[in-house]
Amino acid sequence: MDDDIPYLLLTPGPLTTTRTVREAMLRDYSTWDVDYNSLVNDVRTQLTRLASASDDFTTVLMQGSGTFAVEATVGSVIPPEGCLLVVNNGAYGKRILQIAQRLKIKTIEAAFRETELPQVEIIESHLEQHPEITHVAMVHCETTTGMLNPAAEIGACVKRHGKVFILDAMSSFGGMEMSMESMSADYLISSANKCIQGVPGFGFVISRRSKFEQTQGWARSLSLDLYDQWQTMEAGGGKWRYTSPTHVVRAFAQALSELEAEGGTSAREQRYTANQRRLVAGMRELGFGTLLTDALHSPIITSFLFPTASFNFSQFYDQLKARRFVIYPGKVTNADTFRIGTIGNVHPEDIDELLSAIAEVSREMDISK
Ligand SMILES: *Cc1c(COP(=O)(O)O)cnc(C)c1O
């Protein structure tokens, strides 16, 4: 593989970044230095602004992949005697449940099939039957399937019951228009290497101050103590506890300015939507059906069904990779699928090239057999 012709990652993160984002990492920073710390605070402010125009919210960054930020949130913002209702319709909903159970937090599961939209009536009845529930957690775009969960509707229901709403918007924030207000979210979690198009290394949590301020001392972990991390960032003008991913933060600041230059979240959502529609239309012409109906889809990632029972995915994957396109295996439990992401520095022309490559590989492999 020629290093100058990078793979096009058609995955839900890490994803294809721009050369300028990668180049931003060619500089060393000290974590103690004011230049770096003020960059961190700029990033925090910009993230808060992407999620809300109001001063009711604040952003804290946390080292690690997105899951670390989810674990930091679940482990830090639920009081010792709290109870978490987890909406589960895929691998990432299930992961929230696993995190809470591992931390010995009392949980109730609202389980749905992976191809099923979570129903607000069922969430409502859990909330009515279990007054001990204090918090509700859900994934926005369930990256397992590509399904867009009804976060605004369920958030409104959570608020009607006076509970705290935690939204894992990992794979959608920055790539789809949303706000803390429109989702009724108290905590919104995402990471550097998803729709803001940075490189992996940290996650972030946008929090409602009035709720967050009450959480001191609740954390079940030292390094993932979200409140402590927040207090250090506030007091130290952008200082992290422990070593922070300095190069990644710098790349992320560049990615944020490129998001703005593109026209913000709405322009990015339009590009991702154009990518996804073109992909689905082209794939259907080539004989690949989608797992979900169009109405359930996000513009983020799409699950395609194997065209035949004998479809050789690993050969298909390798053949596409040899043509520089890196796709993603499936994650659905009871259907044979693979996934193609439409986020990152990926444009409709790239999708056209991908479709030509898939047509070629399909002919060579004779996938109808
Ligand atoms: C990517 C993702 C995560 C975090 O995954 P990591 O591999 O830990 O970065 C969590 N939730 C959703 C919905 C995701 O798409």
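Hi everyone, let's start with two helices: helix H2 (residues 34-51) and helix H9 (residues 226-235) pack at an angle of about 115°, and their axes are 10 Å apart. A quick word on terms: helices (H or I, at least four residues) and strands (E, at least two) are DSSP runs, numbered from the N terminus. Axes are lines fitted to C-alpha atoms, for helices over the stretch in contact, and angles run from 0 to 180 degrees between N-to-C directions.

Before I go on, please keep in mind that this is a predicted model, where local features need pLDDT of at least 70 and side-chain atom pairs count only at pLDDT 80 or more, while totals for chains, interfaces and linings use all residues. Residues are numbered from 1 along each chain as its sequence is written, and side-chain values use heavy atoms, with hydrogens and water left out.

Back to our pair. H2 passes H9 in a left-handed crossing; that is, the near helix is turned anticlockwise from the far one by less than a right angle, while clockwise would be right-handed. Which residues of H2 and H9 make the contact? On H2 they are Val 40, Asn 41 and Arg 44, and on H9 they are Trp 230, Met 233 and Glu 234. Contact here means heavy atoms within 4.5 Å. Sorted by class, that makes three nonpolar, one polar and two charged residues. For the classes, Ala, Val, Leu, Ile, Met, Phe, Trp, Tyr, Cys and Pro count as nonpolar, Asp, Glu, Lys and Arg as charged, and the others, Gly among them, as polar.

Gly 237 is partly exposed, at 29% relative accessible area. On this scale, buried means under 20% relative accessible area, exposed over 50%, and partly exposed in between (1.4 Å probe, protein chains only). Not counting residues up to four places away in sequence, Gly 237 touches Asn 37, Ser 38 and Asn 41. Thr 18, by contrast, is 219 residues from Gly 237 in sequence and 29 Å from it in space, C-alpha to C-alpha.

Now let's zoom out to the domains. The assignment gives domain 1 (8-14 + 264-365) and domain 2 (25-260), with bounds that come from an automatic or database domain assignment. Their C-alpha centres lie 27 Å apart, and 28 residues of domain 1 are in contact with 29 residues of domain 2.

Next, the inside. A nonpolar core is a set of buried Ala, Val, Leu, Ile, Met, Phe, Trp, Tyr and Cys residues joined through side-chain atoms within 4.5 Å. The largest one has 90 residues, and Leu 84 and Phe 173 have the most contacts inside it. Helix H10 (residues 246-262) gives the most to this core, with eight residues. Why does the core lie between domain 1 and domain 2? Because both domains give residues to it. There is also a second, separate core of 24 residues, including Leu 10, Phe 304, Val 346 and Ile 367.

Leu 85 lies in strand E3 (residues 83-88), and it is buried, with a relative accessible area of 0%. Ile 108 is in strand E4 and is buried too, at 12%. Leaving out residues up to four places away in sequence, Ile 108 touches Cys 83, Leu 84 and His 126, among others.

Finally, some backbone details. In general, most residues other than glycine have a negative phi, and most peptide bonds are trans. What is the peptide bond from Gly 13 to Pro 14, cis or trans? It is cis, with omega near -5°, and Pro 14 sits in the loop between strand E1 (8-9) and helix H1 (19-23).

Lys 104 is not a glycine, but it has a positive phi of about 60°. You'll find Lys 104 in the loop between helix H4 (91-102) and strand E4 (106-111), where it counts as exposed at 74% relative accessibility. Asp 366, also not a glycine, has a positive phi of about 50°. Asp 366 is in the segment after helix H13 (348-365) and is partly exposed at 33%.
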